[in-house]
Structures are given as structure tokens and as C-alpha cells.
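I opened my notebook to look through a new model.

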Amino acid sequence: MATARYRTKPLESLGRARELTKEYWGSILKARDEGSPIIWSEVSTPLPFFAAFPDHAYILGTVHSNNVARNDELCAAANEAADTRGLARDMCGLMRNDFGAALAGRFYGGGDYPKPSLVLAQTVCEWTGRSARKVAEFFGVPSLEWMLPLAPYGQGMGDKEKFLANQYSEVLSFMERALGREVDEECLVEGVRNLALVWKMWAEITDFSKFVPAPVDMLDFLRMQAIPLMVAHKKSSVDFLREVKAELQSRVDERIAAEPNERLRLLHVGIPPWGFLQLFRDSQRNYGVVWLAIWGYASSFGSWMPDANGDLVPGRTPEEQGLPLRNRDDAVRALARMFAELRGAITLNFPDPNCDDLLKAVKRWKANGAMFHDNHGCRGLQVAMPLDRWKLEQAGIPVGRYESNSYDRKEMDEGEVNDAFDRFFEMQGIKQITKPDQ
Amino acid sequence: MTVARSDAKASDLLGRFREVVEGRHAYAKDWKAKGTGRKVFGRFCTYVPEEILYSAGILPIRIMGSHEPFDIADPYISSWFCGFCRDCLAQGLSGRYDYLDGVVKARSCSQLRGAYAAWVASTPNLYHHYISMPSALGLNSNGLPDTEDHQLLFLKTELIRFKESLEKWMGHSVTEDSLDRAIDAYNVNRRLLRQLYDFRKADEPKISGAEALEVALASKLMDKVEHSELLTDLLATLSSREDFGKPGIRVMMMGAEVDDFELLRLIESMGCTIVIDEDCNGSRSFWDDIDPLPDRLLAIAIRYMKRIPCPQKDYPTSRRLPHIFRLIEDFRAQGVILIQQKFCDPWEHEAADVVPALAKRGIPSLVVEYDPSVRNWGPLRTRVEAFSEMLDTAFM
């Protein structure tokens, strides 16, 4: 076995990430078991809306889907229920897992799927809206969907921020009517402030991918990502990410690597196959590959902005941009600003020849190549991939691809994916460090 | 192409529409050649407000596939996106639409957005514009959006931007008069198409489903005034048509961008007559008019919000189901054939909701999976024949 190039040690912050994640799931189970109100939403909904109603738990359908995918038996049961309901096999895997689990009366945390009091959906792709409606109809509860408007990068559109702000005001009013209580304005403002800080710090944290050796890898990012994804509106998330930043900086200072044999740095493009993340750990061990942050997630839960040279750098919060944050109206405007500028929402869902975000990320993070996941479970995020792949190829960046389904374990052929990885690594001149059985 | 004489037979006139559909590129090139500076734009979806293009003197035509293998599109779009959008993209990449001066897309489905973006990337000098069409199209109790509805107001700002973008590119303004003429031309055409469809309510429809959809599709490929003139002639002759055979079991066809007339003729050869369609190339595109307003762009925005929505835009409340049931009742359809484009998510959602809803009302339905590059008629023939026999038995 080759001598390790770098020192390594586990990321200490992961323990706290697990605690915060457990709190999220715990709040849902507690609310379910006590019969307290629960709000169902998909993941794109601004989390401060939940902060505005602090007595309510919330389920993020997307997150539930990801976890269903990790459990063989539950995933099979959910998909069988989805089949019985008449939902085609190639439909959105997120919906099939989450709604399928609801149809089957199952929940990742155990017991019955919690019945929500209302359903919310900020739609980016067309499936989120209809999926949310199916959940609402199934449980017989009110729902509201609204649109995150898209346009090609640089074309511009009608006043996007104003449109979003109007919609967000409508969402809060709807929630007040449906839940029978008023918005807690102070909590809403605090929630927006925390979200902005979390997004800024998440961009800074994923940006640690630019260091050689990489102090943190994709799998650890995915574990920590639960925080900006699920609980970004909470003060505990802000405190946690400050700790993460400090730990990563010290790892950079001490040249502590995520992968001690780092020889090849790759970006994974697309949602990973949730039930088979071990494949990435294996490739790290076998080949010294380090998988960097997933740009799609970095830009969907982190704020980025172009600097004077057009390079992407971690962005500024609305308050740093001069927007006040004192009351409900301010909170709505700040949220509208954040989502209007959210690069991931634009670039992942609107392929644009004028937008080079992924290429910039590859260069900024000194990636040696990119591995594209042709994900049968999510057509929405496939939209931009062919153009992104073409742009990387035009720039001379090695590109690999593999097919599977992030959500349906039946569609994963581990052998085939391993072969695709091995072929790509060897084409980059990287030989195996260890045999798989050593 | 000349306007038909008023004493031409219905079948001859129907043949003219078919000529346009089958020779659509020739028609468009011919139209361009007839005048200096004439422009033709391709549009990807019926949510593109064609009236604005038409008012600018542009001929808007629906971009369509050719039902041939479309491997050329594979590097540019996922192979498990719907065949329609891949087929459309393949036409652009292979140069069949080289005469287009621009392409326009309104937000509908992600897959067509991917096709549009790849098209634009491969033809960077082409005019292109994307309209962020709202998805939550709420209406008040009068069936209209509130004029202060922020979705409507946002759409209006999008239409203003689109118009300004066109004016800048064209080098001249789009006047209120030209908008009025365009709105009128489209309203007239839509009304005539509805009149055509009214024939199909009769026991003897006088026009088959395939023929009717050809006429409707031709309107998306022709100058509107020219199409209306031809259609007026057809309406005058249809009631005396003698070569229409005995109608079969009355069925409604539902689908997205159904343009495969071989498929429709096959269905109608198996004992069915398609008496109404619920399809974007068909009734959904002309069921609603623009109600004139002093603010023309607001009037256009209202029409596109209140029109029968496609499955992608059918919220916050479902308007499609009540409309579908009304059509079934008005056209006395005995069953529904839903043509499900493979990999089309909006329609997969639709089928999952519509089929149980139809069953609950005792309305038989058949879902037919379709891929434009794999037109395997054998199994389809068997299923449609069985469906039609079942309907025949049920209604005896």
C-alpha cells in the first residue's frame, strides 16, 4: 500500500451536525405523536416561514425522500405504493419516495407518515407543484404553491424581486389563515437573518474545496448539508457553521486532508445516489480520489456573487447589501432578494450558454475533472447537464458520466457504476492504491 | 398556396390543410419569400403569446418533430426526456428550421426548456426570448384573474419586456393598431375552429378526429388570416360532405402536442371516432379568446392566464377536470383515450389523477404510451380494438 501523502483525521463537527439533524427529526415525531400541527413542504420553501410559526413542526418532503432512499425495505414499500397509485416509474423520484411512503403509511423515522395541517411548495420544476398538491389532496389539507421565476442568465425579466416578495407576503397570509394564528414577526426576522448568515457561511464552507489538499470531502459536506438544507433559520445553525468554518480553517493551516492519498480531485455533478454513498468512499480509498463539494448544493443553499473579475465568490447577506431587516415587510423583501439571486436555482434549472458557473467552480476548486450523474430520478436537474458537460469538455476538463437513480434503489447497478468510475480514474492515469478486498 | 374556391369539396379543402401540415417547412419558406423582410419565428409552446409576434409582422409557427429517429439530439438533451422535445431539438440541429429568424419559449415544462436552451446554444445568432409565464393561475369567481393579481401583473411586465425586445430587434414599434389587428385575427381564427369542432357534437360529425386536428394544427403553421379564409370555406361545405363514413364509437383524445396523424387514423380505423380532443395542438389552444381591453398587453395576459391550462399549470385549483368532464358531456364521448408521451412528467401526473377521476364517474379510459421515434402500431392496434369493442358492448 502506498504511503499516505497527507495527514488526516475525522471532522469533529460531524457530531454536532448529527445532533442538529436528530433535533429536526425528533420535532416531527414529537408533533406527530402529540397531535400537534405539522407543515409539509418541499425543500425550496424559504425556511423562515417555519420560523414565523415557532410552535409548528415541519416536514421537508425532499429530505424525507433522500432518507427513504437509504433504506432498502422502506424504499421498496414506498415505490410499490407509488406504482399502485398509478405514478409512472420514471416520474420524479423525490415524489415517489416521499408520497409513496405516505401512501404506504410509513415514515423514515418509524411509525405512520405524519399528517400535515397544510402544504407549501415553492416550485422551481413542475413536479414540485403537482407533487405537493398530491400530498395535500391525500391528507385533505389546504395547500399553496408559488413560483420561483426563471429566465436565462442575463436576459432579465420583469421585477422578479417584487414578484417574489408579493408571493411571499401571500404565503404568510395564507399560513396565518390556515393555522389560525399570526406570524411571529420577531421570529420571522430572526429566521431570515439566520438564513442569510447560513447561506453566506455555507458558500464560504464549500469554498474550502479550493484548498489542496481538500480539508473536507463531498460525503462530509453531505452530512453537514442537512443544516443549511433543513434548519438554516435557527441560531444553532449559525453557531454550528461558525464552528465548522473554524475547524476547516485549522485543517487547512495544518494541512489535514479529507483523503490522505489525494491524487485526483473531482466534482460530482448532480444529486448523488443516496443509498449508495459508500461507492464514493470506496473510490477515495481505492484510488485516492477526493470528491469535492457538489456545486449544485453549494449554490442552492449558499449565496454566491460575481466579483469584479466575474469569478464567483461567497456573497453578501441582504443586510450587508443595505437592506433593513426590522419587520415582516423587511423580512419578505430580504427573502425575495436572496431567492432572486440564488444562483443554484437559476443555473441548475436553466441551461444557458452564457452562464459558466460550473466551469468556474471547477477552476476555482482546482478540480481535475467532473463526474456527471445521469439521474433517472430527477429530470429537473438533468435540464442543464448536457450543456454544462459540453462546456467543460470544450474547456478541456475531463468529464465522466454514470447512470442510476438517486431515489429508487432498484435502478442502481453498483457494478456498472463502479466500472464507470474505475474507467474514468484510469483514463486520468490514476491506478488503484489498494485492491477492494485489502 | 391559393385560397380555396367556395365551391370546393370539403375533402379537397381538408387536403389543403394536410398539405400545410405535411409541407410545413415549404409553406413557411414560401411565405417568407412572398415579401421583403418577412420573418418567421418558431415557438415551443402554446403559452407563447403569438399575438405579439403576429402584431410585429412575424409569422409564428409551432416547432414540431418529424417522428424519425433523433439521435442527433442525444448529446444535448437527456435521453429520458420526452420524445417530443428531443424530436423538436433534432429538427433544429439537423437544419430543417434554418429559415427561422427567431425562437420563443414560455415557461411550461423543464424538458422543453432544455430543448429550447440547446437550440439557442447551437444557433447563437438567432433571436431568442424566454417568457417567465406564471404557473399559479388563480381565477376569481367570474373565471377571471383579479386585475391586481400579482401573478397577472408580473406576466404583463414579462409581455412588456418581450414586446420591447422584439421592437428593438425589428427596428420598429409594435403599435396598438397592429396589436388590435393581431388580437382580432386570432380571435376570429379561434372562433372558427370552435365552430368546426361544434360539427363533431352531431351524431354524424362530418369530420374525423385526425382531420380536425390537422386543421387545428395547420392554424399553428399558417398565416392566421389565410387559415381563417380556408376554414370559412370548409365550414360552408362541411354539412354537405358525403364522403364521411359511418362514425364509430365516440371517444375523446387527450394528450400533449399530439401530431401523429398516423396514430390518430389508426385509432379511428379500429372502430372509434375521435369526436373531441383535449390537446395543446387541438382544443386547448383555441378554446379561449382575448377579451379586448384598452390595455392590450393586459388583455393578452388575462387570456393566457384564464385559458384552459395545460397539466403543468393547473393550480391552485384544478380547472382541467371540470373542463374535461364538460367536454365529455358536450361531445357525448363514450370513452377517453389518453396518449401518454413517454417520459412526459406533466402528463404522467395528469394520467395518475384523471384516470381514477374518470373511473369514478364510470367513464372508460385507455392510456396509450407513445414515443415518436418508436411507433409500434401492432400492440396499439390490439389495445384500441379491444377498447372499442368494450365500449361497443357497454353501450349496446
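**Entry 1: chain B as a whole**

I started with the secondary structure and found 14 helices and eight strands in chain B. Next I looked up the radius of gyration, which is 20 Å for chain B. The globule rule gives 21 Å for 396 residues, so chain B is as compact as a globular protein of that length. I kept in mind that this is a predicted model.

I then looked up the spans of the C-alpha trace. Along its principal axes, chain B covers about 65 × 50 × 45 Å. What share of the 396 residues in chain B is buried? I noted 64%. For contacts with a separation of 6 or more, I found that 75% in chain B join residues 24 or more positions apart.

**Entry 2: pockets in chain A**

I turned to empty space. Rolling a probe the size of a water molecule over the atoms shows where such space is left.

The largest pocket has a volume of about 550 Å³. I listed its lining of 21 residues. Nearest its centre are A:Thr21, A:Asn67, A:Arg70, A:Leu222 and A:Arg223. Two or more lining residues come from each of α1 (13-34), α3 (61-68), α9 and α11 (278-287) of chain A. Which element gives the most to this lining? It is α9(A), with seven residues. Sorted by class, the lining of the largest pocket has 12 nonpolar, five polar and four charged residues.

The second largest pocket has a volume of about 370 Å³. I counted 18 residues in its lining. A:Tyr153, A:Lys160, A:Ala340, A:Glu341 and A:Ile346 lie nearest its centre. The elements that each give two or more residues to this lining are α7 (160-179), β9 (304-306), α13 (328-341) and α14 (343-349) of chain A. The classes here are 11 nonpolar, two polar and five charged.

**Entry 3: a cavity in chain B**

How many cavities of 30 Å³ or more does the structure hold? I found seven. I picked the second largest cavity, with a volume of about 220 Å³. Its lining has 23 residues. Nearest its centre I found B:Cys109, B:Ala256, B:Glu257, B:Cys280 and B:Cys310. Two or more lining residues come from each of α4 (83-93), α5 (110-122) and α13 (345-360) of chain B. I sorted the lining of this cavity into 15 nonpolar, five polar and three charged residues.

Most residues other than glycine have a negative phi, and most peptide bonds are trans.

I found a cis peptide bond between A:Val212 and A:Pro213, with omega at about 0°. A:Pro213 sits in the loop between α8 (185-206) and α9 (218-230) of chain A.

I then looked at positive phi angles. A:Arg255 is not a glycine, yet its phi is about 55°. I located A:Arg255 in the loop between α10 (235-253) and β6 (256-257) of chain A. Its relative accessible area is 45%, so A:Arg255 is partly exposed.

B:Phe343 is not a glycine either, and its phi is about 70°. I placed B:Phe343 in the loop between β7 (335-341) and α13 of chain B. Is B:Phe343 buried or exposed? Its relative accessibility is 17%, so B:Phe343 counts as buried.

Key: Residues are numbered from 1 along each chain as its sequence is written. Chains are lettered from A and ligands numbered from 1 in the order in which they are written. This is a predicted model: local features need pLDDT of at least 70, side-chain atom pairs count only at pLDDT 80 or more; totals for chains, interfaces and linings use all residues. Side-chain values use heavy atoms; hydrogens and water are left out. On a 1 Å grid over the protein atoms alone, a cavity is a set of points where a 1.4 Å probe fits but cannot get out, and a pocket is an open set with protein on both sides within 12 Å along at least five of seven lines; lining residues have an atom within 4 Å of a point. Grid points are joined across faces, edges and corners, and a volume is the space filled by probe spheres set on the points. Helices (H or I, at least four residues) and strands (E, at least two) are DSSP runs, numbered from the N terminus. Ala, Val, Leu, Ile, Met, Phe, Trp, Tyr, Cys and Pro count as nonpolar, Asp, Glu, Lys and Arg as charged, and the others, Gly among them, as polar. Buried means under 20% relative accessible area, exposed over 50%, partly exposed in between (1.4 Å probe, protein chains only). The radius of gyration is taken over C-alpha atoms; the globule rule is 2.2 Å times the number of residues to the power 0.38. Contact means heavy atoms within 4.5 Å.
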